[in-house]
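The sequence and structure come before the entries.

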Amino acid sequence: MKIVVLIKEVPDTWGERRLDLETGLTDRAGAAAVLDEIDERAVEAALAYADEHAGTEVVVVTMAPASATATVRKALAMGATSAVHVVDDTLRGADLVLTAEVLAAAIRRTGFDLVIAGNLSTDGGGGVLPAMVAELLGVAQLTALSSLDVSDGAVSGDRVSDAGTMRVSADLPAVVSVAEAMPEGRFTTFKGIMAAKKKPYEILDAAELGVDVDDPAVARYIMLSVAERPPRSAGTKIVDEGDAGEKLAAFLVAEGVA
Amino acid sequence: MTSALVLLEVLPGGSLAASAPGLIAASASVGDPVALIASTADSLEKASTEAAELGATRVLTAVTDADALTGPVVDALAAAVARESPDLVLASHAVESRDALARLAARLRMPLATDVVGVGRDDLGVVAHHAAFGGAFTVDGAPTFGPLAATLRPGSVEARLGARPLVVESLDVTASGTPHARVEGFAETTVASARPELRGAAAVVAGGRGVGSREDFALVEQLADALGAAVGASRAAVDAGYVPAAAQVGQTGVTVSPRLYVALGISGAIQHRAGMQTARTIVAIDKNPEAPIFEIADFGIVGDLFTVVPQLISALDAQKKFSRE
Ligand SMILES: Cc1cc2nc3c(=O)[nH]c(=O)nc-3n(C[C@H](O)[C@H](O)[C@H](O)COP(=O)(O)OP(=O)(O)OC[C@H]3O[C@@H](n4cnc5c(N)ncnc54)[C@H](O)[C@@H]3O)c2cc1C
Ligand SMILES: Nc1ncnc2c1ncn2[C@@H]1O[C@H](COP(=O)(O)O)[C@@H](O)[C@H]1O
């Protein structure tokens with residue numbers, strides 16, 4: 001079984017996340033960059049299967065600036081077999097369709113039985129890439145899974161929505177995305193970090209993948225303007241002296257919300 | 001006039017999902033709203049009638065199999081786009097519609113904007129509006145040319161249209177043959193109370209780890225009922241099993257923008273704030289005077305929620321009795 005895991009480097013959510021007001025892109029200089037927590041769960045799901053099934057190959061694939069190497073190595077240190085890193089300056093600010101084209105081309109080149117992604121990236125991602133990639137690969141998608149069962153020829157899992165829990169399944173090859181309810185990523189060990197340095201690490205650009213970044217026939221989604229809202233400021237703060245509930249009730253009535 | 005195609009979701013009971021009125025109203029600022037309902041045969045009539053009542057000028061219908069996930073809806077969308085040549089294809093950002101629109105955009109190489117809070121037009125064409133990083137930034141985007149596909153954040157558009165006469169056209173759909181997933185079962189969440197839905201609610205009362213247990217979460221629900229509010233939660237409260245995951249507010253949960261947001265025993269981590277900081281009025285009760293939630297609260301109480309909230313509920317009750325007399 002060959003499992004491709006889609007991973008993304010994002011600004012650490014513990015820092016203040018900003019958009020660059022000139023380019024409208026995520027300001028990567030502003031915060032430390034980390035492997036997205038949801039993608040750690042995706043890697044974990046692949047490794048959990050590999051632990052039980054000898055001979056499983058886990059390839060992590062990312063499209064990210066060259067500076068993301070440490071993040072990719074983290075996934076290798078967790079236990080992934082090899083990495084494919086698409087680096088190309090012309091892809092800076094790529095829209096969703098272009099990103100999906102690049103990722104699908106990288107996955108097709110790698111070969112796959114199963115693709116595992118996160119359901120929603122934390123840097124303002126739309127949670128659409130897994131389904132877009134599935135379409136371009138011509139396979140089924142199962143998104144936002146809170147549980148995942150992989151067998152020889154099929155994959156299934158539960159998807160929790162507001163309305164209820166849906167049991168879904170698809171034949172392999174397929175693309176799945178995992179939700180936060182899946183187990184957290186495992187810790188990396190010193191041994192794992194050392195081993196990661198020797199694992200296959202391929203760097204590719206868009207042309208090598210056969211993707212035409214500037215195809216004039218294809219419309220792209222572009223940013224027109226970006227503006228920062230004034231930050232919110234604190235209002236009244238009181239320490240409860242036995243009557244805070246009553247004071248709050250009076251505040252809510254005065255605000256017209258109770 | 002140009003048209004805007006709107007994908008509407010049908011609930012298991014046959015009614016349209018709560019996102020429908022906002023979707024139809026939002027799309028009208030771009031073109032004539034043409035609804036697409038791709039659902040099981042028995043649900044089409046009721047859903048179509050509702051769509052016309054919500055202002056759809058025409059309703060396109062396509063019959064799909066209840067056991068097939070996404071694929072047949074994408075095929076119906078592709079057929080509708082081919083027939084209508086719309087300037088905009090709009091669907092809810094809720095997971096099922098979002099998946100369908102994502103696949104459509106990939107199939108047709110159509111620019112896609114996600115989680116938009118509004119759409120409109122400028123001199124050059126369709127424009128979409130986003131609220132990024134919990135509303136700290138507003139971003140406008142547009143396709144370089146041609147039509148746009150967009151997913152609309154549930155609850156973000158309050159406008160509503162008047163009813164239109166019902167015009168139904170059934171759509172001829174050619175199956176693409178692309179493999180799709182199967183639905184093997186569905187267990188409906190039993191909603192015990194008549195509380196409003198979290199997305200789009202006018203008031204939200206949310207509990208965090210400070211609530212301490214699933215039993216004590218009843219206090220959060222009591223205050224929600226006293227205020228006619230929806231119930232929300234932090235991820236810590238969801239992880240601890242006090243509430244189902246659907247109640248999670250924040251960066252990886254639901255984004256809300258209510259008139260009132262009450263945070264009980266929620267410290268206000270940046271990821272939580274990302275989902276609620278655009279609320280008009282924020283109230284926080286937390287034992288810890290240093291809790292970051294106080295930085296954005298309009299009214300903050302440093303205190304024990306187990307003493308403040310019961311007092312608040314009785315004060316609200318007394319107030320209600322008073323105003324009734
Ligand atoms: C990638 C990522 C995504 C995330 N996404 C989300 C998200 O979408 N939503 C989200 O909420 N979190 C999210 N988190 C988690 C977030 O970082 C915090 O861990 C979480 O919000 C904390 O929840 P909390 O405030 O309930 O718990 P805590 O931070 O533990 O706060 C509990 C608060 O309760 C107070 N308290 C305790 N007892 C009482 C009492 N009796 N009366 C009054 N106050 C009391 C304490 O003083 C404390 O301030 C995410 C984290 C990561 C890394
Ligand atoms: N640039 C990227 N490189 C690799 N995988 C990505 C990239 N962007 C998104 N993904 C994958 O798609 C998932 C959902 O992302 P998004 O659609 O951006 O919310 C992420 O959790 C990743 O698994």
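I looked up the sheet in chain B and found 7 strands in an open, parallel arrangement, ordered β6-β10-β5-β1-β2-β3-β11. Strands here are DSSP runs (E, at least two residues) and helices are runs of H or I with at least four, numbered from the N terminus; two strands pair if DSSP finds at least two bridges between them. β6 (112–116) and β11 (168–170) of chain B are the edge strands with a single partner each, so one side of each lacks a neighbour in the sheet. From one strand to the next the twist averages 25 degrees.

The model is predicted: local features need pLDDT of at least 70, side-chain atom pairs count only at pLDDT 80 or more, and totals for chains, interfaces and linings use all residues. Residues are numbered from 1 along each chain as its sequence is written, chains are lettered from A and ligands numbered from 1 in the order written, and side-chain values use heavy atoms, without hydrogens and water.

Helix α1 (residues 20–27) of chain B lies across β1, β2, β5 and β10 of chain B, at about 170 degrees to β1(B). Helix α4 (residues 95–108) of chain B touches β1, β5, β6 and β10 of chain B and makes about 150 degrees with β5(B).

Which charged pairs involve helix α4 of chain B? I counted a salt bridge where a side-chain nitrogen of Lys or Arg is within 4 Å of a carboxyl oxygen of Asp or Glu. Arg103(B) meets Glu135(A) at 2.7 Å, N to O, and this pair crosses between chains, with Glu135(A) in helix α4 (residues 129–137) of chain A. I class residues as buried under 20% relative accessible area, exposed over 50% and partly exposed in between (1.4 Å probe, protein chains only). Arg103(B), at 3%, is buried, and Glu135(A), at 10%, is buried as well. Arg107(B) meets Asp75(B) at 2.8 Å, N to O; Asp75(B) lies in helix α3 (residues 71–84) of chain B, 32 residues apart from Arg107(B). Arg107(B) is partly exposed at 24%, whereas Asp75(B) is buried at 9%.

Methods: Axes are lines fitted to C-alpha atoms, for helices over the stretch in contact, and angles run from 0 to 180 degrees between N-to-C directions. Contact means heavy atoms within 4.5 Å.
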